[in-house]
Amino acid sequence: MKVCLLAIACFIGIFWATDAHADELRPAYVELNQISPSEWTILWKASARSRLGRSGVIIIPESCQPVGEAKRRFAASNILTNQTLKCSGSIAGQSIGLKGLELSTTDALVRIAPLDEETRTLRLTPDAPVATIAQKDAIANVAWTYTVIGVEHIVLGFDHLLFVLALVLLLKGGWLVAKTVTAFTIAHSVTLIGSTLGYLSLPSQPVEAIIALSIVFLAVEIVKAQRDKDQTGPRLSERFPWIVAFLFGLLHGFGFAGALAEIGLPQDDIPMALLTFNLGVEIGQLFIVAIALALLALIRRFQQSWLQPVKTATSYAIGIIATYWFIERMVT
């Protein structure tokens, strides 16, 4: 009974988080491209389910005026808005932003591409929904922006988060978990970079479905490992966890690449953006590992009898949610 109640609580908590906030937490995206000395095009994207997507307004530089009506269309679960602008002179030193971002829980990435100049990258947040366009983009700004995006993507990208959490529940020892998560990072870095640069490609729907299935696999392994530990010893996934993490990490890399393709990359600093995005993902993963290990250590110290029921309940919750994702991704 205790395990059932814990499973229900974990399921409700995780499912509420993923269902209620997954779309709202996707980064918004703004792209400003110069096509002639006085003409620019602006594109901005936000989740159709978010308040920002429904009622947000782009704040354009002061020297620019919109030409014609803005064109809005749906693409997947996003609203895309296109607008042509007439601008007098340089827009450097002027402001750009998103009205309504301050009421959301997401950030926004802004890419500004002038003619014959390097691309600028800005990051807007609910606390700072308006930013000044710099005269020149510092490489440190690109590095910081994509590091933060990488951290946010692993912490707020719930399928990758649950995969890492499942690894923590399956394995014993912080060092073993850290090595396994690093193997996962190396693997998804290979396919992320290959896919982003155009050397590797897989259709997104089956990849996303298999990513969900990889989480189901780990959830089943956790339950079986607890059940069979006294009869058969460590399972293959416990003896060689880095192999399992590496193989599934190759698939997760395609998922990261799809997300990064939606966000966009600064054409002048692609290597730096890829490097720091991967660094951010690794930081986010290690943060999740540290929090999960700390919580398990607290339970082990103060309520030892609850440790296995908590692991079992969490495993069932993860497995149920991942199964739901797998079915959803197969039929949509």
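F217 counts as partly exposed, at 32% relative accessibility, a class that lies between buried (under 20% relative accessible area) and exposed (over 50%), with a 1.4 Å probe and protein chains only. The model is predicted, so that local features need pLDDT of at least 70 and side-chain atom pairs count only at pLDDT 80 or more, whereas totals for chains, interfaces and linings use all residues. Residues are numbered from 1 along each chain as its sequence is written, and side-chain values use heavy atoms, with hydrogens and water left out.

Because F163 sits in helix α4 (residues 158-170) and F184 in helix α5, the contact ties together parts that are 21 residues apart in sequence; here helices (H or I, at least four residues) and strands (E, at least two) are DSSP runs numbered from the N terminus. F163 is buried, at 0% relative accessibility, and F184 is likewise buried at 0%.

F217 itself pairs with F248 in a tilted arrangement, with 5.6 Å from centre to centre and 55° between the planes. Since F217 lies in helix α6 (residues 204-228) and F248 in helix α8, this pair ties together parts that are 31 residues apart in sequence. F163, F184, F217 and F248 together form one aromatic cluster.

Helix α8 also takes part in a feature of the surface. A nonpolar patch of about 630 Å² is made by I186, V190, F240, W242, I243, F246 and L247, and the elements that give two or more residues to this patch are α5 (174-196) and α8 (241-263). Of the elements involved, α8 gives the most, with 4 residues. Patches consist of residues with over 30% relative accessible area and no salt bridge, where like charges are joined within 9 Å and nonpolar side chains (Val, Leu, Ile, Met, Phe, Trp, Tyr) within 5 Å; accessible areas come from the Shrake-Rupley method with a 1.4 Å probe, and for residues only the protein chains shown count as cover. F240 is placed in the loop between α7 (236-239) and α8, and F240 is partly exposed, with a relative accessible area of 34%.

Turning to charged contacts, the whole structure holds 5 salt bridges, each being a side-chain nitrogen of Lys or Arg within 4 Å of a carboxyl oxygen of Asp or Glu. In one of these, E31 meets R111, and the closest N and O atoms are 3.0 Å apart. E31 belongs to strand β1 (residues 28-36) and R111 to strand β7 (residues 108-113), so the bridge ties together parts that are 80 residues apart in sequence. Both ends count as buried, E31 at 18% relative accessibility and R111 at 9%.

Another salt bridge joins D107 to R123, with 2.5 Å between the closest N and O atoms. As D107 lies in the loop between β6 (95-99) and β7, and R123 in strand β8 (residues 120-124), the pair ties together parts that are 16 residues apart in sequence. D107 is buried, with a relative accessible area of 12%, whereas R123 counts as partly exposed at 24%. D107 and R123 are linked with E152 in a network of salt bridges.

E208 lies in helix α6 and R329 in helix α10, so the pair ties together parts that are 121 residues apart in sequence. E208 is partly exposed, with a relative accessible area of 24%, while R329 counts as buried at 16%.

Helix α10 (307-331) is also one of the elements, with α4 and α9 (270-302), that each supply at least two residues to the lining of the second largest pocket. In that lining α9 gives the most, with 7 residues.

Notes: Phe/Tyr/Trp six-rings, centres within 6.5 Å; stacked < 30°, edge-to-face > 60°.
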